[in-house]
Amino acid sequence: MIVIKRVVFYLLMAWCSVAAQAVYAQQTAVNIIPQPDHIADNGQTFTFKPSTAILLNGMPVNNLHFFNSYLKQVANLRLKVYNRAALNPNQIRLRLDNKFDLPAEGYHLKVTVDSIVIIAGSRSGLFYGLQTLVQATRYKGKKLSVPGIEIKDKPRFSYRGMHLDVSRHMFPVNAIKKWIDLLALYKINTFHWHLTDDQGWRIEIKSMPRLQTVAAYRNETLIGHKKEVPHQFDGKRYGGYYTQQEARDIVQYAKDRHITVVPEIEMPGHATAALAAYPALGCTGGPYATATYWGVFNDVYCAGNEQTFSFLEKVLDEVVEIFPSEYIHIGGDECPKDRWKACPKCQQRMKELQLGNEHELQSYFIKRISNYLAGKKRRIIGWDEILEGGLTPGATVMSWTGEEGGIKAAQQQHDVIMTPEKYVYLDYYQSLHPTEPVAAGGYTPLKKIYSYEPVPAVLNSQESNFIKGVQANVWTEYMPTVIKAEYMMFPRLLALAEMAWSAKEERSYPKFVNKVRSQLPLLKQFGIKAADNFDEITDTVEISAGGLPMLKLRSTLPGASIHYTTNGTAVTSGSEVYTSPVNIKNTAKVNASLFLNGKRVQRNYQKSFTIHKAVGKPVTLQSVPSGGSYNPGNTNILVNGLFGTDRYNDNQWLGLSGQDFLAVIDLGAVQAVRQIGTHFLNYHWQKMWAPQKVVYAVSTDGKSYRQVFEQSHFTGNGILTIGTSIPSARARYIKITATNQGIIPAGEYGAGGKAWLLVDEFIVN
């Protein structure tokens, strides 16, 4: 049995030596993440003594040597270890007992003045009980102690995962092991290792040597965000791979910490790197090159070529020997069908199998691989696109594009892992502050992850049973270093851990964020510079009854006060204290800072408002926004005096996918209008296109309109301000029409798909 390994020694040292330094932490008996199912304080305290003994009840003793070493180093203690009952009054007892009604990973921990007892029905349960003990242990005044607590605990979900992409950027084995240590501490039991993609093949396959010499390397790497054009590159060859021995080492390291490593070998899409090494596997025959920038690529494995399946079977033969996990992840996402539509071999395969379309061809591809792995006693997991054309029997769906795929799969009685992009993707920004380092997009602060509920309300009780767990995903396009990756992972992984383990009714964000504050020194001891911006000032902007922007500021930091100015001047501790929403009556630049005990903490907050004639006025839309982050549920963002940023994650952009935009603003009374303007986004590499045409028209009665502006040619990348000064006109109603690009043209990123039309503030003066 592996109950304590070297990691626990390290964790105990780290935790106990820094617990008293926790910044902003409230004084509570214990701050355990994830929150236990049941916890009670009995008012007692267990204090380690020279006579303290560890009673194993037949469990192996070798794994406790470093634990004793820790006690010797910190408190000059070396505990005696017994395999059966001892007379020592001061004991730690580990007990494996199936008689107790505990699930596989559940445990019972009881601390009294004389003993610490951990009981579980499995080795993993004992392991998790020890992880809780690590977090509960305190070292102060040269005394090592544990508060008197009783915990009965069990996980809500059996699958609690973190995904790591090493194709875009690799990380050293020692860094991966460090992250596995932390996954174990926070009771995350699955490490999903994304090993292949367009930008690099990262696992050694001995029967396919060109995967190591060609597919594992790219000629250079994109600099900056892919939305910026022209693309800039660093000109440096990048790559490498993990040897099979390194992979086996990581698998064993994780296993010792009760973590399963699930490998992902992407197919049939995201295959550019593999095709660069073996071009005969593609529909066109190449030549191909390992991708140097981020995105979705048209070149995929040829589904009509028997060589493709021979190649993948050989790859999987070696993969299953390295990874003993029940599941093998086969990707299945973002597979364009353009090449298949034009490929004689693929079309012949469809004809022979009487398949109706290319989605059914993908289903054939996935089923064939699934059947092959089933012959090796393995099951597949795939992203929710494996639903296209019909699900393979026994397949587990990882729902990432939203919850819809997971819902559909659960209703079809397939196991589901929920991992929706807008809630649990750790490559999204965790703060809207303009100094945040570049990220993929989106906005997923700590609170948003914590608030996610993995079981969709639309599922009935039987269907809900198919939701097996939840996972946070680390995509590394914009994480080139260990430091950046850790900044993006922590502390958000702690939110995932509690959401995945703790009962829904036991979760409380205010309590959780307080626990996070107390955990930051522990993360620091691991060498992790975790993000500590979760307490910074955030806001809500509403339209008041008087038709003006109303700014609400908040922070989760206990005892802190917000001071602000509205004239653009710097904030000091003497500036006005925020006590109620601020009504913005005139164009203003708001600065705000957070103060605790008279000292400024966190970064300065800033927001600019532009007040014009349309602010707060009613807006009628002809088309409903397309959803997601670009459908705020009302039209206030179009007339609230705020301009959306070029990161488009601030909930200030209204978006339509493939649809034209038509809106009418009611100014409330006929008045002089001299200027009309609107903002649009033009980022082709994000499938965001400027409109084909913009028309402004004015009316005094809302029936008869007079056109005052038309433009059909737009240049520039980023935010486009499309406006005009007009001869003084009398108007109450202003109509804005913007024609969507519609289908993205050939040769452009996302060709054949629908273009996004993103619109922001209507400016009328």
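Reader: Is Y450 buried or exposed?

Author: This is a predicted model, and the values here are computed from it. A residue counts as buried when its relative accessible area is under 20%. Y450 has 4% relative accessibility, so Y450 is buried. F512 is buried as well, because its relative accessible area is 0%.

Reader: How are the rings of Y450 and F512 placed?

Author: A pair of aromatic rings is described by the distance of the centres and the angle of the planes. For Y450 and F512 the centres are 4.4 Å apart and the planes are at 20°, so this pair is stacked. Y450 belongs to helix α14 and F512 to helix α18, so the pair ties together parts that are 62 residues apart in sequence.

Reader: How many aromatic pairs are there?

Author: The count comes to 28 aromatic pairs. One of them is formed by F191 and W193, with ring centres 5.9 Å apart and planes at 35°, so this pair is tilted. Both F191 and W193 are buried. Ring pairs also link W383, W400, Y425, Y428 and W475 into a cluster.

Reader: Next, the strands. Which strands make up the closed barrel?

Author: The barrel has eight strands, in the order β9-β10-β17-β18-β19-β20-β21-β24, and the pairing is parallel. From one strand to the next the twist averages 30°.

Reader: How many bridges join β10 to β17, and which residues are partners?

Author: Strand β10 (residues 190–194) and strand β17 (residues 260–267) run parallel and are joined by five bridges. F191 stands opposite V261 in β17, and H192 has V262 as its bridge partner. In a regular strand the side chains alternate between the two faces of the sheet.

Reader: What does β17 do on its pairing with β18?

Author: β17 and β18 pair in the parallel sense over two bridges. In one of these strands, β18, G331 is the bridge partner of M267. Burial can be read along the strand too: seven of the eight residues of β17 are buried, and the strand is mostly covered.

Reader: Which helices pack on these strands?

Author: An angle between N-to-C directions can run from 0 to 180 degrees. Helix α8 (residues 306–322) packs on the sheet, where it touches β17 and β18 (327–331), and its direction makes about 170° with that of β17. Helix α12 (residues 404–411) lies across β20 (396–399), β21 (416–418) and β24 (467–474), and runs at about 155° to β20.

Reader: How many salt bridges does the structure hold?

Author: There are 24 salt bridges. In one of them E453 meets R156, with the closest N and O atoms 2.8 Å apart. E453 sits in the loop between α14 (446–451) and α15 (461–464), and R156 in the loop between β8 (143–153) and β9 (159–165), so the pair ties together parts 297 residues apart in sequence. E453 counts as buried, because its relative accessibility is 18%. R156 is partly exposed at 30%.

Reader: Where do the partners E486 and K178 lie?

Author: E486 lies in helix α16 (residues 482–489) and K178 in helix α4 (residues 173–185), so their pair ties together parts that are 308 residues apart in sequence. The side chains meet at 2.8 Å, N to O, and both E486 and K178 are buried.

Reader: Why is α16 described as largely enclosed by the rest of the structure?

Author: Because six of its eight residues are buried. The buried residues of α16 are K484, A485, E486, Y487, M488 and M489. Their cover includes β9, α4, β22 (428–429), β24 and α17 (492–501).

Reader: Last, the nonpolar cores. Which residues touch the most other members of the largest one?

Author: W193, W201, L211 and Y301 do, in a core of 152 residues. Helix α4 gives the most to this core, with nine residues. Another core lies apart from it and has 33 residues, among them L638, I665, Y696 and A738.

Technical notes
Residues numbered from 1 in each chain as written. Predicted model: local features only at pLDDT ≥ 70, side-chain atom pairs only at ≥ 80, totals over all residues. Heavy atoms only, no water. Pairing = 2+ DSSP bridges. Helix = DSSP H or I, 4+ residues; strand = E, 2+ residues; numbered from the N terminus. Contact = heavy atoms within 4.5 Å. Salt bridge = Lys/Arg side-chain N within 4 Å of Asp/Glu carboxyl O. Buried < 20%, exposed > 50% of the residue type's maximum accessible area, 1.4 Å probe, protein only. Core = buried A, V, L, I, M, F, W, Y, C linked by side-chain atoms within 4.5 Å. Phe/Tyr/Trp six-rings, centres within 6.5 Å; stacked < 30°, edge-to-face > 60°.
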